[in-house]
Amino acid sequence: MASNQKLTEEQTDTDSSSLRSAAACLQRYLIAHRKNNQLYDVLQHLADETLDRLEEGKDPRFNYRSLQLAVSGEAEQDPSAWFSRHWKTLRAFKSKYGPGLNQFAANHGFSHYPDIIKHESDGGAGNQALIALIACPVEIAKGVPARTLGIHHQDIAYIPAETIAIAGWAKLLFDREYTAEGWRKWFLIWPTLLWIFALGLITAGSLLLLVLSPRPLTTIDLALIIFAGLAVWCCKREIEHVTRWADDQIVMTPESMLGFRERSVCLELYRPNTDAPKRARMAKYVAQCPTCGGQILLDYGEPDFPRRIVGRCESSPREHVFSFDKATLSGYRLRCPPQLSGDFTPDRD
Ligand SMILES: [Zn+2]
């Protein structure tokens, strides 16, 4: 009997420690993703309160009313109706966010990552279902990237963002996984090249007519020359973008392809397996700044780090700069404090 009780206590301690790890994992994951909406507030509350309640030895389960009160600041509406909106997403939490959270937990040394469960009530007036976090053990798959094994030096680990807001027209080319293949992939390139060709032809033809014309230059002619200069500059930029994408396999996605307020999204070329043709994919990666805790988003490295995609901290985008390796999703500092590196000179490739 005594040994059974001891076993139960040990089991409870193990469960509690696993849940603590899972809640702490969720806390850090939310800091890295940092979205401003009610669903994230619910998750934040679950993570924070679970840790607090475990610390106080209380039951870490929450009813709808307490969640609504904590997140929206009032509990006047029907809490069940309010929560059912979020439960539509939360019920698929593990299938949607599990792989990313598993990887994140492995990268950050957590033994468990969280899932969300609903404990149904036994019925009766005033009895609500209870919502709680549960702990899922981290699984390290065979052939894991080097970042999870600590083989090479890294200062930060990037994690893929779960959702990307893309422009309405781009949804015709990209599927729900934000990938485009076949003619959809080529559609990203050929219209641009045709537009450049047509613009170049019109500009060259107009300039030739101007040169051959015997009459003196007019204001309209000058405006045409300025327009031709701008057109050449635009064509040069577009050609550079396309060739850089082909050479480097990754560029930043043009804003015209993204939704309002979305940014820092990459456009990658990748092969799903060795025999398959390359596909285009939009991807967004985030990390947490080890210096100030701010969110790190990807951006072009120019002017200090030309021809590179780098991670820039939102709080200090010119100083807290990190490399980005898309194969290992890891990065190291590109700017070091002078006292740490002595004769440090900026990396200029
Ligand atoms: Zn920072």
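The following questions and answers go through a predicted model of a protein chain and a zinc ion.

Visitor: What kind of model is this, and how are residues numbered?

Guide: This is a predicted model, in which local features need pLDDT of at least 70 and side-chain atom pairs count only at pLDDT 80 or more, while totals for chains, interfaces and linings use all residues. Side-chain values use heavy atoms, with hydrogens and water left out, and residues are numbered from 1 along each chain as its sequence is written.

Visitor: How many helices and strands does the protein chain have?

Guide: Helices (H or I, at least four residues) and strands (E, at least two) are DSSP runs, numbered from the N terminus. For the protein chain this comes to 9 helices and 14 strands.

Visitor: What percentage of the residues in the protein chain is buried?

Guide: Buried means under 20% relative accessible area, exposed over 50%, and partly exposed in between (1.4 Å probe, protein chains only). Of the 349 residues in the protein chain, the buried share is 40%.

Visitor: Which residues coordinate the zinc ion?

Guide: Donors are N, O and S atoms within 2.8 Å of the metal (3.2 Å for Na, K and Ca); water is not among the atoms, so sites may look incomplete. The donor residues of the zinc ion follow the spacing C-x2-C-x20-C-x6-H in sequence. At 2.1 to 2.4 Å, the coordinating atoms are SG of Cys289, SG of Cys292, SG of Cys313 and ND1 of His320.

Visitor: Why is the arrangement around the zinc ion called tetrahedral?

Guide: Four donors count as tetrahedral if all angles lie between 85 and 135 degrees; four count as square planar and six as octahedral if opposite donors are over 155 degrees apart and all others between 65 and 115, and anything else is irregular. The arrangement is tetrahedral because the 4 donor atoms around the zinc ion subtend angles of 95 to 120°.

Visitor: Are Cys289 and Cys313 buried or exposed?

Guide: Among the residues that coordinate the zinc ion are Cys289 and Cys313. This pair links distant parts of the chain, 24 residues apart: Cys289 is in the loop between strand 10 (285–288) and strand 11 (295–300), and Cys313 is in strand 12 (residues 309–313). Both Cys289 and Cys313 are buried.

Visitor: What is the bridge partner of Gln288 in strand 11?

Guide: Strand 10 and strand 11 run antiparallel and are joined by 3 bridges. In strand 11, Gln288 has as its bridge partner Gln295.

Visitor: Which residue in strand 9 is the bridge partner of Glu268?

Guide: Strand 8 (residues 266–270) has 5 of its 5 residues buried. Cys266, Glu268 and Tyr270 point one way from strand 8, and Leu267 and Leu269 point the other way. Strand 8 is joined by 5 bridges to strand 9 (residues 279–283), and the two run antiparallel. The partner of Glu268 in strand 9 is Arg281.

Visitor: Which residue stands opposite Cys266 in strand 8?

Guide: Strand 7 (residues 250–252) pairs with strand 8 in the antiparallel sense over 3 bridges. Opposite Cys266 stands Met252.

Visitor: Within what arc do the buried residues of helix 3 fall?

Guide: In helix 3 (residues 64–72), the buried residues are Tyr64, Leu67, Gln68 and Val71. Seen down the axis of helix 3, they line one face of the helix, because their arc (taken from the directions from the helix axis to the C-beta atoms) is within 100°.

Visitor: Against which elements do the buried residues of helix 3 pack?

Guide: Contact means heavy atoms within 4.5 Å. The buried residues of helix 3 pack against helix 2 (38–56), strand 1 (61–63), helix 4 (79–90), strand 2 (112–119) and strand 3 (130–137).

Visitor: What is the omega of the cis peptide bond from Glu302 to Pro303?

Guide: Pro303 lies in the loop between strand 11 and strand 12. The bond from Glu302 to Pro303 is cis, with omega near 5°.

Visitor: What is the phi of Ser264?

Guide: Ser264 is in the loop between strand 7 and strand 8. Ser264 counts as buried because its relative accessibility is 14%. Its phi is positive, in a residue other than glycine, and is near 55°.

Note on methods
Two strands pair if DSSP finds at least two bridges between them.
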